[in-house]
Amino acid sequence: MQHSGLLVHLVTALGAALIGAAVALRLRQPLILGYVLAGVAIGPFTPGVIGDTAAITELAELGIVFLMFVIGVQLPMRELLRAGRVAILGGLLQVAVMIGAGYLVGRALGWGPLQSYAFGAVVSNSSSTVLGKVLSDRGELDSRHAQLGIAWSSVQDISTVALVAVLAFVSPSEKAVGPLLAKAALFFVVVVPLSFWVLPFVLRRASALRNREFFALVVVTLALAMAGGASLLGVSLALGAFLTGVVVGESDMAHRILGDAIPLRDIFSGIFFVSIGMLLDPAFLLRSWALVLVTVALIVLVKGAVTAVIARWMGCSTRLAVLIGAALAQSAEFSFLLARIGLEEGALTTPIFNLLLSATVVTILLSPMVNGVAPALLRRVQGRLAAAVQGGDAAVPPGLEHHAIVCGYGRVGSIVCALLDRHRKPYVVVEEDLKTVESLRERGVTVLFGDAGQPEVLDRARLRAAHLLILCIPERMAVRRALEHAREVGEGATVLARTHTYEDRAFLQERGVDGAVVGEMELALELGRRALQRLRVEPSVVEHSIAHARRTLA
């Protein structure tokens with residue numbers, strides 16, 4: 001019996017991913033770390049079992065497709081459009097700045113102008129695949145910084161078309177630039193607009209047959225076909241899959257699509273990160289550690305800082321800007337693509353290619369740690385800044401008691417404060433956006449600048465004398481820290497919290513929260529109330545039904 005090579009490669013990759021994931025879970029480390037190190041173990045540069053790098057890399061492309069497709073389905077179109085100005089202008093400006101920074105570094109190292117440009121182009125790009133995986137593992141994929149980061153990264157992906165065109169134009173090879181740009185224009189101008197009509201139509205017809213197996217087959221085929229078509233037209237697999245997910249995510253079958261695609265994403269995304277690890281040569285790292293360190297610093301520290309500064313300049317809060325910078329402080333598949341094209345076009349030498357390859361893999365390994373350290377570092381810096389910003393005029397009145405502390409003055413907190421104002425109830429706002437703080441002070445609102453998850457900030461808001469602590473902030477970790485401190489200082493204040501999932505609500509309830517509001521549940525109950533009212537159900541019966549539903553869901 002003849003053995004199937006594809007099956008052997010698949011089992012090798014999945015086995016390595018399984019062992020790496022098990023070790024990572026055992027050591028309480030991110031799964032992505034286990035996957036990449038497992039890839040190093042079966043790579044051609046380490047002794048022992050050696051996987052076929054080319055074959056596993058081809059299988060890994062399925063991981064890119066399904067991971068980015070699911071992310072696209074989960075991100076509402078309106079959120080991406082809302083991120084448009086920040087993502088488009090910020091992403092393009094960041095790419096330009098990083099190309100300039102990379103060019104200067106390359107020239108300082110003695111490389112030629114073309115090599116320095118190619119080096120800058122490679123380090124300017126971040127990976128939406130890595131970003132999506134890291135933030136998904138942290139439970140932050142629905143956060144504002146995740147949405148902005150993915151939109152920002154998508155702009156970087158689109159910019160690779162122009163960067164590749166420039167490489168082809170200025171490189172020593174004789175490839176024509178015109179066909180490359182024409183194919184990319186065909187994808188963005190014709191294929192993407194048509195997909196907004198064609199894909200929902202196909203999904204509706206497939207759903208009408210009421211066969212789950214057939215529907216799943218249609219979803220997978222569409223995702224692979226659009227991603228493959230994007231690749232053939234000179235765009236990336238990841239961008240094609242992401243845009244496909246965004247389009248089909250607007251349909252009323254999005255929940256079914258997610259149910260069919262998520263298991264495939266979980267399996268093949270592991271193979272993708274295993275394939276990344278197989279590219280890492282530990283011997284090269286040891287030989288060229290200084291150059292690798294410089295390149296890693298350029299990608300993680302410089303690019304992260306540049307991204308954060310640009311995001312802040314574009315109007316994001318300090319916290320949001322820092323989190324976006326941390327999320328984008330890495331490189332992966334698009335950097336590999338640009339580096340490979342640069343090598344083929346003669347713009348990069350083999351040593352520089354290996355340097356970029358090694359540094360990129362290292363940034364993937366560091367990405368979970370960077371995204372974990374950034375919030376903690378931000379809290380420490382904001383704590384010091386808050387002490388300087390508060391001043392005597394910002395102090396909470398010493399005699400204030402039985403007041404409410406409203407943490408977060410965004411879309412939720414501002415409405416809560418408006419209701420408190422209407423009934424003339426005293427309150428203190430805790431807000432970490434300095435512009436919002438200054439605006440509130442001009443209106444005479446008592447407000448403290450700082451992170452609500454920091455105990456000293458809540459203490460300055462006179463938590464011990466407060467009657468209510470209302471947590472309107474979206475960051476679940478900050479909510480948990482605020483609740484923990486509130487319960488440490490005593491049971492005096494009633495704690496009400498905003499949550500996004502039933503799991504978060506259960507977690508907070510176990511730790512003594514007095515009320516945890518799940519946004520989607522309250523939205524559903526209010527819609528149900530209005531529906532029953534329109535159907536002329538008796539008001540008392542409506543309220544009884546809503547109360548019963550709330551008890552059932554509690």
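Helix 21 gives the largest share of the lining of the largest cavity, three residues. Helices here are DSSP runs of H or I with at least four residues, strands are runs of E with at least two, and both are numbered from the N terminus. The model you are looking at is predicted: local features need pLDDT of at least 70, side-chain atom pairs count only at pLDDT 80 or more, and totals for chains, interfaces and linings use all residues. Residues are numbered from 1 along each chain as its sequence is written, and side-chain values use heavy atoms, with hydrogens and water left out.

Let's stay with that cavity for a moment. Rolling a probe the size of a water molecule over the atoms shows where empty space is left. On a 1 Å grid over the protein atoms alone, a cavity is a set of points where a 1.4 Å probe fits but cannot get out, and lining residues have an atom within 4 Å of a point. Grid points are joined across faces, edges and corners, and a volume is the space filled by probe spheres set on the points. The structure holds one cavity of 30 Å³ or more, and about 60 Å³ of space lies in the largest cavity. Helix 21, strand 5 (494-499) and helix 22 each supply at least two residues of its lining. Among the lining residues are Ile-473, Pro-474, Val-479, Arg-480, His-500, Asp-504 and Leu-508.

Two of those names lead to the next topic. Side chains of opposite charge can pair when their charged atoms come close. A salt bridge is a side-chain nitrogen of Lys or Arg within 4 Å of a carboxyl oxygen of Asp or Glu, and the structure holds ten of them. In one, Arg-480 pairs with Asp-504, with 3.3 Å between the closest N and O atoms. This pair links distant parts of the chain, as Arg-480 is in helix 21 (residues 476-488) and Asp-504 is in helix 22 (residues 502-510), 24 residues apart. Asp-504 is buried, with a relative accessible area of 9%. Buried means under 20% relative accessible area, exposed means over 50%, and partly exposed is in between (1.4 Å probe, protein chains only).

Another salt bridge joins the side chains of Arg-319 and Glu-432, at 3.6 Å from N to O. It also links distant parts of the chain: Arg-319 is in helix 15 (residues 318-327), while Glu-432 is in the loop between strand 2 (427-431) and helix 19 (434-442), 113 residues apart. Both Arg-319 and Glu-432 are buried.

Arg-529 counts as buried at 18% relative accessibility, whereas Glu-526 is partly exposed at 29%. These two belong to a network of salt bridges that links Glu-526, Arg-529, Arg-530 and Glu-543.

Now for the cysteines. A disulfide is a pair of cysteine sulfur atoms within 2.5 Å, and the structure holds zero of them. The sulfur of Cys-407 has its closest cysteine sulfur in Cys-472, 7.6 Å away, so it is too far for a bond. For Cys-417 the closest cysteine sulfur is also in Cys-472, at 7.0 Å, again too far for a bond. Cys-407 is buried at 0% relative accessibility, and Cys-417 is buried at 1%.

Helix 6 (residues 113-123) is mostly covered, with nine of its eleven residues buried. Tyr-117, Phe-119 and Val-122 are among the buried ones. Over in helix 11 (residues 237-249) you will find Val-246, which is buried with a relative accessible area of 4%. Val-246 and Phe-196 are 50 residues apart in sequence and 9.4 Å apart in space, C-alpha to C-alpha.

Finally, look at two loops. Most residues other than glycine have a negative phi. His-402, however, has a positive phi of about 55°. His-402 sits in the loop between helix 17 (350-390) and strand 1 (404-407), and is exposed at 59% relative accessibility. Arg-462 has a positive phi too, near 60°. Its place is in the loop between helix 20 (455-460) and strand 4 (468-471), and Arg-462 is partly exposed, with a relative accessible area of 27%.

Technical notes
On a 1 Å grid over the protein atoms alone, a cavity is a set of points where a 1.4 Å probe fits but cannot get out, and a pocket is an open set with protein on both sides within 12 Å along at least five of seven lines; lining residues have an atom within 4 Å of a point.
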